[in-house]
Amino acid sequence: MSLNINTSTILVSCLSAFCSISANATPKNAEYLPVELSFINTTTSSALDESDHNFNCQSGFVITGRKHKGDENGDTWYTCSEPLANGERLTFRETYLSSDIEESDSYFSCPEYSVMTGRKHKGDENGDTRYTCTYIEMNGSPVKIDRDNTYTDGSQKESSSDFSSVPYNMIITGRKHDDDENGKTWMYYAGLKAVGPQEPGEPEENINLIIKNLSSDDIVLNAEFLNEDFSTISISDELIEMNHSYTSPSLFEPRNDENIPQRIEIKTSSDQLIQSYCNIIYTKNDGNLSVSDDCDNLDAYLEVNENQSSAVIEVK
């Protein structure tokens with residue numbers, strides 16, 4: 001296995017949820033540029049029982065603050081705001097609901113292209129917390145987290161914590177908490193990037209994935225692909241016979257400084273697992289495409305032929 005990029009927690013979270021992403025087509029050669037964030041119509045919720053609540057901002061709003069007082073029987077308040085990017089409203093699309101996370105030793109960050117819009121908690125510090133994130137667009141293209149513009153204003157004691165991202169003109173991207181109400185809590189903030197103007201004259205590059213069956217048995221492919229117009233294709237029980245290959249449809253091409261995962265699972269024809277779901281990751285830096293993976297039993301390499309670039313996996 002060759003993994004030559006840093007797949008952060010943000011990216012891993014995205015992988016588990018990216019089958020929910022659905023967006024309009026985005027120019028292949030456009031770059032993401034920072035946007036100027038501002039907030040309007042900020043409101044604060046009523047007091048909620050921390051030990052048993054399920055809160056979501058109204059549609060079109062994001063969580064920009066959280067306050068808590070006391071232990072698990074104390075009150076929690078949330079602040080929601082309507083975000084503007086360069087003075088324009090954003091489009092809110094599908095939501096992502098996290099798995100249950102034990103509150104006393106938790107760290108969560110929303111998937112790429114999404115922002116935090118809800119939180120649910122039940123019980124004390126040993127109870128479970130779940131987060132809701134919503135995928136967003138600007139002018140028909142997905143909006144992403146600006147990794148070059150992040151901030152945390154330090155930890156606060158949970159029982160007297162009061163966080164807000166509004167003074168920094170940032171959205172909340174994640175939260176961390178240790179121990180009980182006397183433990184520390186962190187909130188993580190970031191700016192956003194949106195697709196800028198497309199540069200003319202750049203040749204388009206076709207991206208796909210090729211799986212070569214070099215084994216002594218037929219194999220079966222399951223996959224979740226993000227295709228070239230940024231919609232999802234699910235592949236179920238695709239049989240690849242011995243000494244044959246499978247070639248995917250055209251896949252979404254990353255822009256500069258962007259990682260795009262494509263998920264695959266491979267079994268034998270008798271349903272024995274060869275590789276559980278893992279990610280083939282397409283990365284572009286300075287206009288150059290590379291391929292890596294986080295698979296345990298497979299390796300991906302890049303094969304380039306004129307304007308066709310393929311991630312190739314050989315199953316032996």
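User: Which residue in β12 stands opposite G118?

Analyst: G118 stands opposite T132 in β12. Please keep in mind that this is a predicted model.

User: How many residues lie between β11 and β12 in their hairpin?

Analyst: Five residues lie between β11 and β12 in this hairpin, and G123 in the turn has a positive phi of about 100 degrees.

User: Which strand forms a hairpin with β12 that has two residues between them?

Analyst: That strand is β13, and N139 in the turn has a positive phi of about 55 degrees. The pairing of β12 with strand β13 (residues 141-142) is antiparallel and spans two bridges. Within β13, P142 is the bridge partner of E137.

User: How many bridges join β8 to β12?

Analyst: Five bridges join strand β8 (residues 91-97) to β12, and the two run antiparallel. L97 stands opposite T132 in β12, and T132 also stands opposite G118. Strand β9 (residues 101-102) likewise runs antiparallel to β12, joined by two bridges, with I101 opposite T129.

User: Is β12 largely enclosed or open, and why?

Analyst: The general idea is to count the buried residues along the strand. Nine of the 11 residues of strand β12 (residues 128-138) are buried, so β12 is largely enclosed by the rest of the structure.

User: Which residues touch the most other members of the largest nonpolar core?

Analyst: That core has 25 residues, and those touching the most other members are F55, C57, I63, F108, M116, I172 and Y189. The elements giving two or more residues to this core are β6 (75-85), β12 and β18 (184-195). Of these, β12 gives the most, with three residues.

User: What does F108 touch, leaving aside residues up to four places away in sequence?

Analyst: The contacts of F108 are Y96, S98, I101, M116, Y131, C133, T173, G174 and R175. A second, separate core of 24 residues includes I240, I264, V291 and I313.

User: Is S104 buried or exposed?

Analyst: The general idea is to compare relative accessibility with a cut-off, here under 20% for buried. S104 has 15% relative accessibility, so this residue counts as buried. S104 lies in the loop between β9 and β10 (105-109).

User: With which side chain does the side chain of S104 make a polar contact?

Analyst: The partner is the side chain of E102, at 2.9 Å. Not counting residues up to four places away in sequence, S104 touches E125, N126, H177, D178 and D179.

Terms used: Residues numbered from 1 in each chain as written. Predicted model: local features only at pLDDT ≥ 70, side-chain atom pairs only at ≥ 80, totals over all residues. Heavy atoms only, no water. Buried < 20%, exposed > 50% of the residue type's maximum accessible area, 1.4 Å probe, protein only. Helix = DSSP H or I, 4+ residues; strand = E, 2+ residues; numbered from the N terminus. Pairing = 2+ DSSP bridges. Polar contact = N/O pair within 3.5 Å; in protein donor to acceptor, adjacent residues only side chain to side chain. Contact = heavy atoms within 4.5 Å. Core = buried A, V, L, I, M, F, W, Y, C linked by side-chain atoms within 4.5 Å.
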